[in-house]
Amino acid sequence: MSAEEPQDGSPEDDEDLRYFVRIGQTDLDGTKAVERSLTDMNGIGKRTARIVADAADVDRTATFGRLDDDEIDRVIEVVEHFADEVPEWMVNRRNDFYTGESDHIVGSNLSQTRTQDINRMKMIDSYRGVRHKRGQKVRGQRTKSTGRTEGTIGVNVEAIKEDMAEEAAEEEEG
């Protein structure tokens with residue numbers, strides 16, 4: 001592509017484009033489409049992003065940085081209160097351990113909450129907590145042939161060569 005202006009005589013206005021749109025503590029790319037940009041946020045996938053765009057009454061294929069302030073505010077409002085917009089089975093934090101409520105957590109709060117949950121499981125020595133402590137698989141995956149972290153598997157050729165060299169040296173001396 002050339003660096004010249006488009007042929008139709010109407011150059012794109014980069015003045016009204018926001019390159020970053022901030023939701024919570026996350027900067028989202030304003031040059032992408034609304035749906036694609038929302039998926040960059042922790043706790044929001046493709047399906048959730050589509051639901052957020054529909055609930056906020058925003059075109060999901062529009063460039064996120066070109067939206068009006070009120071449209072962006074509607075998107076932010078829907079993201080913050082996503083649990084109220086969808087059925088309970090769609091949220092990512094159902095029946096919280098302490099409050100018993102269901103909520104949808106996004107952004108840095110998601111990783112913080114997940115870490116707290118894992119630490120609580122480790123403290124009470126639940127089965128999953130013990131597996132986390134040991135660094136083993138937690139969700140029932142097979143462990144016989146995968147997930148090996150202890151050194152190399154199989155024959156260590158270098159060690160065998162060193163042993164043979166030591167034996168040969170001992171035979172020459174003795």
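A side-chain contact and its setting

A: The side chains of Arg 93 and Asp 96 are joined by a polar contact of 2.4 Å, a term for a pair of N or O atoms within 3.5 Å in which, within protein, one must be able to donate a hydrogen and the other to accept it, while residues adjacent in sequence count only if both atoms are side-chain atoms. The model is predicted, so local features need pLDDT of at least 70 and side-chain atom pairs count only at pLDDT 80 or more, whereas totals for chains, interfaces and linings use all residues. Residues are numbered from 1 along each chain as its sequence is written, and side-chain values use heavy atoms, with hydrogens and water left out.

Arg 93 lies in the loop between helix 4 (82–85) and helix 5 (108–123), where helices (H or I, at least four residues) and strands (E, at least two) are DSSP runs numbered from the N terminus. Arg 93 counts as buried because its relative accessibility is 15%; buried means under 20% relative accessible area, exposed over 50%, and partly exposed in between, with a 1.4 Å probe and protein chains only. Leaving aside neighbours within four places in sequence, Arg 93 is in contact (heavy atoms within 4.5 Å) with Glu 101, Ser 102, Asp 103, Ile 105, Thr 113 and Asp 117.

The loop between helix 4 and helix 5 also holds Asn 95, whose phi is near 50 degrees, a positive value in a residue other than glycine. Most residues other than glycine have a negative phi. Asn 95 counts as exposed because its relative accessible area is 52%. A second case is Asp 57, with a positive phi of about 60 degrees although it is not a glycine; Asp 57 lies in the loop between helix 2 and helix 3 and is exposed at 63% relative accessibility.

Turning to aromatic rings, the count comes to one pair. Phe 97 and Tyr 98 form that pair, edge-to-face, at 5.0 Å centre to centre and with 85 degrees between the planes; rings of Phe, Tyr and Trp (its six-membered ring) pair if their centres lie within 6.5 Å, with planes under 30 degrees apart called stacked, over 60 edge-to-face and the rest tilted. Both Phe 97 and Tyr 98 are exposed.

Ser 37 is found in helix 1 and is buried at 0% relative accessibility; apart from residues up to four places away in sequence, Ser 37 touches Leu 28, Asp 29, Lys 32 and Phe 64.

The nonpolar core gives a further setting. The largest such core has 24 residues, of which Ile 23, Leu 38, Phe 64, Val 75 and Val 79 touch the most other members; a nonpolar core is a set of buried Ala, Val, Leu, Ile, Met, Phe, Trp, Tyr and Cys residues joined through side-chain atoms within 4.5 Å. Two or more residues each are given to this core by strand 1 (20–23), helix 1 (34–38), helix 2 (46–55) and helix 3 (69–80), and the largest share, five residues, comes from helix 3.

Over the protein as a whole, there are seven helices and two strands, and of the 174 residues 25% count as buried.
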